[in-house]
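Q: I'm new to this one and would like to learn how to read its features. Can you walk me through a few of them?

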Amino acid sequence: EACSVPAAALVSLSAAVAKLCVCDLLVAQCDTNCCCDPDCSAEDFSLFTTCSIPVVIGDSQLCSQKAAVYSLDVEANPPERIFKLIDQVNPSIFCIHATNYEQALYLKSPEIPTAENFDELLDKFGGATFSAEPDSWNLDTDAQNPPEANETSRYEYGVPVQTEDAFLRLPSPVVSSWCSDANPAGFLVNQATKCIRSVSVEKCDSIQALSMLFYINSSILASVFQVNITVQSIVVQSVNGMRTLLSSSEVLRLPMVLDELCINAVLGVNYHITHTDTGEIIEAAAAFVLGAISREALSIEQSFEISFTQENTQPVPLSGNPGYVVGLPVRAGFQPQGYPSPAAFLFSSNKHSQLTILHSTSTQDCLAAQGARAPVLFGYNMISGCKLRITAAMKCQPLAQTLLDVLKGQSFPEYVASFGNSQAQDVLDWVPITQLHISEQMISHTLQSSCQIPVSLGIEVKWTKYGSLVNPQARIVNVTATITSTTLKQLPSGRERIIPITSSVVFTDISSPAEPSYKAWPTINIKLPFDFFYPFV
Amino acid sequence: NNSSQLSSLPLHILLYVNGVYYIFYFLATLAMIIYKSQVFSYPDDFLAPDLAVLFLMAILEVPRLYLGFKGNLTEAEVPLGLSLGLTVGSMLLCVYLLLWQSYVLWADVLLNAVLLAAYGLESGLKVTAIAAFVS
């Protein structure tokens, strides 16, 4: 293959072509079969078989150009390399005789920032994002073309939900964790985002994004009429984290400064959009969480969520259809008290009655964990933990019970769905969770009244591939929760000890190797004709 | 006895041939500029001057040939003088297209060289004719 060089000025082209060697990759060493390598000596050339780069030329569109030709003369003994600098002529009548434009045959090089163009380059490329079409999402209402009525009547998946001014905003972090208000909500795309907004109590009522009005102001454009966003509920969160649901959600609460706090600031918005099966939006509601910002706070975290529901349906989130999908939560439930009659299972989409494990917090203190739990996602092995500080004053039994609550959570389920879409009424599709208890006995202290405290919870989920070879579905076969306890030695007063507490989830694939099977074993059909034994029968 | 006829026949023939050749030259050069803009990198601020020169030359050609024919046939030196001036202008534009275009292809060199030769010959004949008319 030939190797091309951008056309330099004609004077230096011959020098450039003779010196260019693309196969010379090793410094101060001879590359094999590289005939242009200056590090190779005559003995090295005699060992080559071919020249990997036979010709080095400038742009072949020029009428006449210099070319460096490398070849091996295999007839000579020993073989030697031949180097020729020739003038290659392009016979076409449309060959380039001359160019008066310096960058004619070069690739365009990017602008080097200098003092003059730095500001312009910074404007263009300095933001968190830049694209070829920055104008599609501008919030400038004059520039925006209002869409025609028949275009907004039907939304398709992923299309931004349009409102009177631009689109329905779902602030989300872009690149960094700071909120960007330019994120549109896509139709039928359920999203949950969290981002940080910088606030100050003095400017509390002037920051638009802290006020409820900002989120419900503009109505959504849908078919011929516009859908107003109604306020579904308002939850007020106090400074110590306690949330209260307000009984009347009719009153619009705007942020204001009270006693060095900024109250009624929006901490979270949850949009619920109802649509028909043809893609028309018919209803929109927003549930707010309002809170108070103290004077010292420089930033708050806001969380936003949007979910779409089809009218007249009750959606139940499945974790697979039928086999579990990696990354979706493992569905779990309880058997109601009416056992042994095969009654339906109770399971809910409430996060706290799913199969969850302890969520590690930044403080790493088990007792201050405040019940942070993470759902167990299928296929993701997880490990989490916290540290327990034991003082002499702690009593064994309450401590053991607290740790059990920390490890297992408030409501540890009894059954796990075998398939991602197991229905509550199919009792056989649910796998009971086997609970094991292992205690590490310390031999020397068996005489003392042993106090066992649980220190680790290990959930092992065994699953198998089920179904056809081509499209195997994941099916949970067995779930075992193992609690390991250890003896708590009585500490001398004044001393304290730190014990690590861990919980883990492991998914094990126990699929047996697949056996391709025949539809039916082939049978050998041998039947003698009925008159085989003719003369005798 | 053609001593009373001062109009130059070779000039007339040359003007006619020049007219025909120029049509071919204009179409060929325009086509090549379009080809170059597609195949090579030809930004707009380099393409504009080249196209401007070509169209200017085409616009100048019409009065130039008309004045040449008229001056030669009516044996008047003023139109022929004006035509000579326009020829010099066209020659300069032709030299631009020959030497200072963004991309000069080999075909460009041939076409422009022929046109330049024709203009040169024409200028010589016009000077002779003017000299004949004046004296």
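This is a predicted model: local features need pLDDT of at least 70, side-chain atom pairs count only at pLDDT 80 or more; totals for chains, interfaces and linings use all residues.

Q: Is V95(B) buried, partly exposed or exposed?

A: The general idea is to look at relative accessibility: under 20% is buried, over 50% is exposed, and partly exposed lies in between. V95(B) comes out at 24%, so it counts as partly exposed.

Q: Which residues is V95(B) in contact with, leaving aside its neighbours within four places in sequence?

A: Here we look for heavy atoms within 4.5 Å. With those neighbours set aside, V95(B) touches W100(B) and L116(B).

Q: Let's move to chain A. In which sense do strands β2 and β3 of chain A pair?

A: Strand β2 (residues 55-57) and strand β3 (residues 64-73) of chain A pair in the antiparallel sense, over 3 bridges. They form a hairpin, with 6 residues between them. To find your place, note that V56(A) stands opposite A68(A) in β3(A).

Q: What about β3(A) and β4(A): over how many bridges do they pair?

A: β3(A) and strand β4 (residues 80-89) of chain A are antiparallel too, pairing over 10 bridges. A hairpin of 6 residues joins them, and V69(A) faces K84(A) across this pairing.

Q: Where do side chains point in a regular strand?

A: They alternate between the two faces of the sheet.

Note on methods: Residues are numbered from 1 along each chain as its sequence is written. Chains are lettered from A and ligands numbered from 1 in the order in which they are written. Side-chain values use heavy atoms; hydrogens and water are left out. Buried means under 20% relative accessible area, exposed over 50%, partly exposed in between (1.4 Å probe, protein chains only). Two strands pair if DSSP finds at least two bridges between them. Helices (H or I, at least four residues) and strands (E, at least two) are DSSP runs, numbered from the N terminus.
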